[in-house]
Amino acid sequence: MGTVGIVLPGPAAFDAWRDQARRVLAAGVPPEDVEWRVVGEAAGLFTGSAAGPDGRAAPPAAPKAPPVAVPRAFPALAEVAIRHRDPERFALLYRVLWRLTHGAHGLLEDRADPDVNRVEAMAKSVRRDAHKMHAFLRFRCIQAEGGPHYLAWFEPDHHILQAEADFFVRRFAGLRWSIITPEASAHWDGSALRFGPGGNRHDVPREDAVEDLWRTYYASIFNPARLKPAAMRAEMPKKYWRNMPETRDIPRLIAEAPARAAEMVARGATTPALRRQRDIWSARAGGGDVHPAAAEGVAPGMDLLAPRDPAEALAALRAEVLADHSLAWAAQATQAVFGEGPIGARLLFVGEQPGDEEDIAGRPFVGPAGRLFDRALAEVGIPRAETYVTNAVKHFKYTPTGRRRIHQSPDAGDIAHYRPFLRREIEIVGPRLVVSLGASALRALTGKAVAVGKARGQVLALPDAPPVFPTVHPSYLLRLPDAAAKAAEYQRFLADLRAAAAVALG
Ligand code: URA
């Protein structure tokens with residue numbers, strides 16, 4: 001048949017690529033005989049026979065080819081990798097598909113294989129680009145017909161706009177906005193999303209009133225004692241700076257950092273309240289000078305620099321959690337989910353991690369487990385609004401399978417990663433009792449694996465934190481298949497809540 005030319009309707013048109021790939025696969029066309037391009041792109045040189053309208057063989061005609069059996073991970077991986085800017089991505093993916101269906105079914109397990117390696121690296125780069133877009137895109141407000149309209153200019157490395165637009169729809173559903181990139185634009189009018197042509201940086205105004213807010217906010221969370229300019233530049237490449245109002249202050253903040261840090265430490269050393277706090281830390285650390293924050297891997301002196309007002313401290317911690325993108329898997333979460341409830345709540349609940357609904361809502365315990373939890377609290381007369389509810393792990397960890405996101409339990413490393421955040425959160429809220437819901441929470445609080453079944457219902461004293469009262473996780477109750485067992489376990493859970501309330505509120 002000679003070379004087959006396939007023209008795809010867009011640079012990341014996964015569905016079209018998949019349909020065409022199935023067709024050429026069913027027709028037995030080997031990878032080296034297929035040439036892929038995107039509509040509007042110039043065709044390359046080829047030596048085909050049976051030429052189509054643009055000089056090459058037309059793709060095998062309908063009927064639509066049936067799905068092919070490939071490992072489940074492949075479509076999910078291909079759907080992400082296809083957004084990569086590499087012009088060879090379509091051909092590479094087809095070659096992997098070909099090999100998977102021609103005797104190398106286990107190919108994806110072979111990370112040393114150059115094709116697999118390249119696809120994985122592409123997907124990783126695309127995910128990183130998406131993460132940068134979530135974190136660094138900034139809207140400017142303009143007054144348009146019908147009210148304010150928010151405009152953002154962003155230069156992604158890859159073809160991610162279509163895939164990521166949903167993220168911004170979820171996050172800014174109530175606003176009217178447009179995101180302009182060099183290649184395409186996305187527009188949300190409050191009810192429908194539409195895509196259009198690309199634009200120019202000058203299409204988006206650079207100044208507006210929102211900027212001062214961003215700048216004040218950033219300056220207030222900028223901690224001079226934790227300054228790591230190299231890490232900062234690696235995480236936030238300069239290309240994004242010019243679109244981010246707060247970055248205009250970075251050179252000044254960096255220049256002032258050493259003096260500010262020294263001044264704050266000096267102030268800390270002479271402030272009685274801080275001296276007292278340091279004495280407490282010192283006593284907790286066995287009289288030595290090991291700062292508990294240092295034990296947690298936080299720069300010593302950092303807590304001396306923490307805002308004095310607990311609400312401000314909690315807001316700053318929340319901003320730190322939202323800006324924490326150090327775990328690769330966390331980049332696929334919609335957002336970090338921080339705790340909620342009043343500072344000073346006597347009872348603080350710790351769950352495992354946000355689930356699907358929490359990830360979208362940005363609030364803990366609002367999905368099925370949260371509804372059961374709410375019902376149980378109401379039944380024992382504990383107003384949830386008077387408690388503080390949070391999670392050990394702040395991002396939703398999941399495995400994407402088709403349209404569904406399947407919960408994946410955090411491992412010990414994940415829990416350890418978020419532990420310093422959790423400990424500071426608890427310290428700021430200052431509860432009388434912390435109730436751990438399930439094993440991950442108990443591990444996060446105690447720092448080790450403890451069997452919930454054994455510790456349940458006891459008040460565990462901890463050396464440097466409020467006591468912990470372990471019980472089961474509400475999703476455990478949801479999962480019990482037997483109705484009688486479920487009812488009995490639910491009653492036990494209520495009894496635990498009553499006991500915890502008696503300790504904390506009595
Ligand atoms: N499960 C949890 O542990 N936390 C939530 O926020 C939701 C479900």
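Guide: Let us begin with helices α4 (residues 114-136) and α5 (residues 161-171), whose axes come within 11 Å and cross at roughly 40°. This is a predicted model in which local features need pLDDT of at least 70 and side-chain atom pairs count only at pLDDT 80 or more, while totals for chains, interfaces and linings use all residues. Residues are numbered from 1 along each chain as its sequence is written, and side-chain values use heavy atoms, with hydrogens and water left out.

Visitor: How are the helices and their axes defined?

Guide: Helices (H or I, at least four residues) and strands (E, at least two) are DSSP runs, numbered from the N terminus. Axes are lines fitted to C-alpha atoms, for helices over the stretch in contact, and angles run from 0 to 180 degrees between N-to-C directions.

Visitor: Which term describes the orientation of α4 and α5 to each other?

Guide: Angles under 35 degrees count as roughly parallel, over 145 as roughly antiparallel, 65 to 115 as roughly perpendicular and the rest as oblique. The helices α4 and α5 are therefore oblique to each other.

Visitor: Which residues of α4 and α5 meet?

Guide: Contact means heavy atoms within 4.5 Å. From α4, A130, M133 and H134 meet L161, E164, F167 and F168 of α5. The residues of this contact of α4 with α5 comprise five nonpolar, one polar and one charged. Here Ala, Val, Leu, Ile, Met, Phe, Trp, Tyr, Cys and Pro count as nonpolar, Asp, Glu, Lys and Arg as charged, and the others, Gly among them, as polar.

Visitor: At what angle do α2 and α3 pack?

Guide: Helix α2 (residues 73-81) packs against α3 at about 170°, the axes being 10 Å apart. That makes α2 roughly antiparallel to α3. In α2, F74, A78 and A81 meet R89, L93, V96, L97 and L100 of α3. This contact of α2 with α3 divides into seven nonpolar residues, no polar and one charged.

Visitor: Which residues surround the ligand?

Guide: A residue is near a molecule or strand if one of its heavy atoms lies within 4 Å of it. Around the ligand are G351, E352, Q353, P354, G355, E358, P364, F365, N391 and H473. A polar contact is a pair of N or O atoms within 3.5 Å; within protein, one must be able to donate a hydrogen and the other to accept it, and residues adjacent in sequence count only if both atoms are side-chain atoms. A polar backbone atom of E352 is 2.7 Å from an oxygen atom of the ligand. For H473, a polar side-chain atom lies 2.6 Å from a ligand oxygen atom.
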